[in-house]
Amino acid sequence: MQKESENQSSAKSEVFSDEHPLRVEMKYHLQKTQGLGLKGVVTIKDAVNLKLFPHVYKALALAVRDRIMDNWIATNQQYKNGNVKQLFYLSAEYLTGRFLGNNLINLGADKEVAGLIESLGLSLNEIEDIEMDAGLGNGGLGRLAACYLDSMATQQLPGHGYGLRYDYGIFRQEILDGYQVEHPDQWLQHGNPWEIKRREDTVMVRFGGRICRDNILRGKEKTGLKDFEEVAAVPFDTPIIGYRNGTVNTLRLWSTSVPDYNSFNISAFDVGDYENALKNVISHDDLTMVAILYPNDNHDPGKRLRLKQQYILVSASTQDIFRTYKKRHNNFDSFHETAAIQINDTHPSLVVTELMRLLVDEEGVAWDKAWDITVKTCAYTNHTIMREALEEWDCHMMKELIPRNYEIIEIINHDFCKDIWDRYSGNMDHVRNMSIIENGKVRMANLAVAGSHSVNGVAELHTRILKEETLHDFHDMFPGKLNNKTNGITPRRWLLKPNPELAGLITGKIGDKWITDLFELKKLEEFANDSAFLTQLMEIKRRNKEKLRDYIYKNNPVKDAKGKVTGLIEIDVDSIFDVQAKRLHEYKRQLMNALYILMLYNELKSDPGKAVAPRTFMFAAKSAPGYHQAKSIIKFINILARVINNDNDVNDKIKVVFLENYNVSLAEKLLIAADVSEQISTAGFEASGTGNMKLALNGALTIGTMDGANVEMSEEIGLENMFIFGLTVDDVKHLRQTGYDPMDICDNNENVRKVIDQLSSNELTDIPEERGILQDLAESLARHDAYFTLKDLLPFKDTQEQVAALYNNKEAWAKMALLNIARMGKFSSDRSILQYNDDIWKLKKTPVGEKS
């Protein structure tokens with residue numbers, strides 16, 4: 001093995017040497033595409049001269065992938081030969097971002113390949129920008145999964161991801177006349193050079209049919225199905241490269257579709273007519289063509305498709321795991337000792353039933369033994385305390401689509417409820433709270449908790465709420481099952497790659513060990529009073545702001561309803577870049593931020609000479625297509641932008657920018673340029689958040705509530721280095737119990753009353769449709785204010801004034817930014833993954849090859 005590793009290392013150094021034989025491989029891959037209209041292209045230089053940049057990107061990606069193959073094969077062989085326990089991470093979402101730049105960094109080849117590309121008269125950034133973000137998710141859940149795969153490989157743990165290969169992704173957002181418009185995200189239209197189709201590993205997934213058994217009452221016995229329909233799930237494998245250590249794990253995505261972009265009704269999708277948009281998809285079983293992550297409650301076809309997608313994920317993945325296991329084992333006695341399955345949120349919870357189905361029906365394992373194996377194999381990560389976000393499925397729908405799995409749920413629930421009844425002496429409140437089936441619905445979180453040996457929250461506060469409230473009865477019945485694993489982010493993707501100047505400055509002072517051990521950043525504290533170092537830090541921030549300014553001017557114009565550009569946005573790099581970038585939801589309170597901006601605008605209009613620190617408020621967010629209130633908030637923000645940015649009395653002091661189509665690649669530009677990080681969710685609603693970590697790691701100062709991971713960040717960074725305000729979890733709980741009238745806030749504060757009146761009147765717009773949207777927002781706030789937006793608005797305003805005051809003290813601001821960076825060690829996904837492994841998975845670190 002040692003000799004093989006030396007050969008691999010030697011091969012790598014040859015490939016990326018100054019002679020660049022990689023260029024030869026690029027030429028080979030380019031010439032293979034000549035049948036696509038590239039006849040006459042002989043060299044890479046020819047392709048560059050003809051401006052065939054997408055083909056140059058593809059040739060480079062394929063050449064790099066070829067060089068990954070040896071280690072990919074060696075990694076899998078190492079796992080098989082060592083018969084090591086492996087982790088299978090099941091997630092409905094993976095927001096991986098672009099692969100090229102990240103892969104080159106993890107290979108240690110970024111600088112040399114950049115030199116090769118420059119010799120062709122291009123920049124590596126130009127080539128990277130050709131790659132489209134993989135459309136495999138919607139928000140933090142998918143990005144967390146991608147960070148965790150990166151950390152598993154970097155920590156040399158045998159862990160792989162399973163997911164779905166959505167041809168269209170979630171959606172591409174466009175802002176037209178201030179409204180969010182959804183377009184299908186055709187990220188695969190030109191192929192994906194990083195993936196390899198593994199048709200030989202295709203598995204069949206069954207839907208419908210009827211249960212076939214001699215005695216229908218013996219549901220715990222081996223059971224068959226008749227008259228079912230089958231769908232072929234084809235795997236596509238993508239390499240996940242550890243940081244310069246030879247390990248290459250796998251992300252396996254299942255596809256059931258043969259993409260036909262003419263069968264998908266784009267115009268129907270745009271206007272929310274999902275039934276017509278999806279009718280061909282549904283009827284032809286192209287079930288993974290489009291990501292339906294959060295179907296509307298009133299949209300039955302969307303819900304049916306989503307349930308089918310979830311079952312494809314768990315059935316195909318479990319069959320695949322079993323197939324590999326059976327090559328080396330004659331029985332399933334030791335299955336849980338060689339395989340661990342992590343359920344990422346409730347979407348893959350059906351894996352509990354699929355394990356039982358395969359063990360009992362296909363492998364002939366006795367029910368009780370199968371249940372013991374299932375529980376010992378599965379672990380569940382909960383990502384929300386919001387009851388409405390804990391998935392439930394209609395019993396009739398599930399029974400129709402996956403009848404045997406539904407029967408298994410009924411049996412599990414019967415036994416589980418009996419155990420609860422016995423444990424609590426017939427207390428029906430406990431039975432109702434913990435039952436998997438209730439009121440005609442299957443409660444997926446309850447299924448996941450019952451079927452797992454470990455259940456974890458993703459921040460200390462979140463886990464406390466799970467134990468005390470959301471999953472209190474489970475915690476009481478299974479003490480020790482609930483535990484905390486605070487989320488983290490990979491520093492390779494979120495500092496080393498997007499912010500090379502800052503990474504270089506840090507490495508120049510403390511070395512490069514921080515790349516795989518983020519606690520090393522603590523050493524930066526000794527430079528907190530080094531004015532020269534702080535100046536360098538702020539100069540890097542300014543250059544990042546200049547790049548973002550240029551990007552916004554070129555790529556984020558104002559457009560009318562038909563997509564015609566009506567204006568370009570110019571922003572001041574000396575202003576505070578105040579960033580709120582996250583999924584649009586009422587509890588995240590983008591609305592509160594917008595109300596504060598309106599209050600600030602009112603102050604400046606009434607006192608034009610008022611001295612303020614210039615500020616550019618930036619929003620980046622997608623709303624779920626059917627989430628009317630969230631889409632109204634997007635429209636309100638854009639109305640504000642139209643009013644403020646076109647008002648010459650104030651637009652040299654404040655501006656508002658909504659950046660469309662927020663994704664990983666945009667985040668890499670935005671987060672490194674931010675001065676202020678808005679983390680202002682209602683206390684108790686955000687499970688963790690990871691945007692807060694990415695921003696702080698790049699020197700943004702946090703203004704936030706004591707919610708999610710903000711609590712732990714304040715403990716690590718220090719309250720004195722953050723701007724914390726607002727209600728606590730206990731305050732919110734008290735107000736919900738005693739009642740809260742938002743009109744009291746309006747009646748007792750003139751500034752609050754004025755902004756509500758502005759929403760209700762025609763002061764901001766005289767367009768009837770827009771007035772209706774703003775009036776609905778005003779009524780929602782004044783009558784309900786479910787997320788305590790008005791209650792926290794004035795404390796938020798006071799804290800924003802503290803932010804502005806500190807920004808005028810450049811040295812104090814720089815010092816605080818540095819301390820934020822230096823104290824982010826805890827929030828690495830490497831630390832998270834090692835905790836998961838120590839406490840839950842028990843995998844053995846398995847080195848492959850040697851460091852390059």
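Visitor: What does M398 touch, leaving out residues up to four places away in sequence?
Guide: This is a predicted model. In it, M398 touches L307, L350, W393, P403, Y406, I409, V442 and M444.

Visitor: Which residues touch the most other members of the largest nonpolar core?
Guide: M398, W514, L524, M618, F636 and L790. That core has 238 residues. Its largest share, eleven residues, comes from helix α24, residues 590-606.

Visitor: And which residues are in the other core?
Guide: That one lies apart and has 32 residues, among them L22, A47, I68 and V248.

Visitor: Now charges. How many salt bridges are there?
Guide: The count comes to 58. One of them pairs R198 with D237 at 3.4 Å, N to O. This pair links distant parts of the chain, 39 residues apart.

Visitor: Which residues are in the network with them?
Guide: R198, D201, D237, R252, D320 and R323 are linked by salt bridges.

Visitor: What about R783 and E779, how far apart are the closest N and O atoms?
Guide: They are 3.2 Å apart, in a salt bridge. R783 and E779 sit four residues apart in helix α32, so about one helical turn separates them. R783 is exposed at 60%, and E779 is partly exposed at 43%.

Note on methods. Residues are numbered from 1 along each chain as its sequence is written. This is a predicted model: local features need pLDDT of at least 70, side-chain atom pairs count only at pLDDT 80 or more; totals for chains, interfaces and linings use all residues. Side-chain values use heavy atoms; hydrogens and water are left out. A nonpolar core is a set of buried Ala, Val, Leu, Ile, Met, Phe, Trp, Tyr and Cys residues joined through side-chain atoms within 4.5 Å. Buried means under 20% relative accessible area, exposed over 50%, partly exposed in between (1.4 Å probe, protein chains only). Helices (H or I, at least four residues) and strands (E, at least two) are DSSP runs, numbered from the N terminus. Contact means heavy atoms within 4.5 Å. A salt bridge is a side-chain nitrogen of Lys or Arg within 4 Å of a carboxyl oxygen of Asp or Glu.
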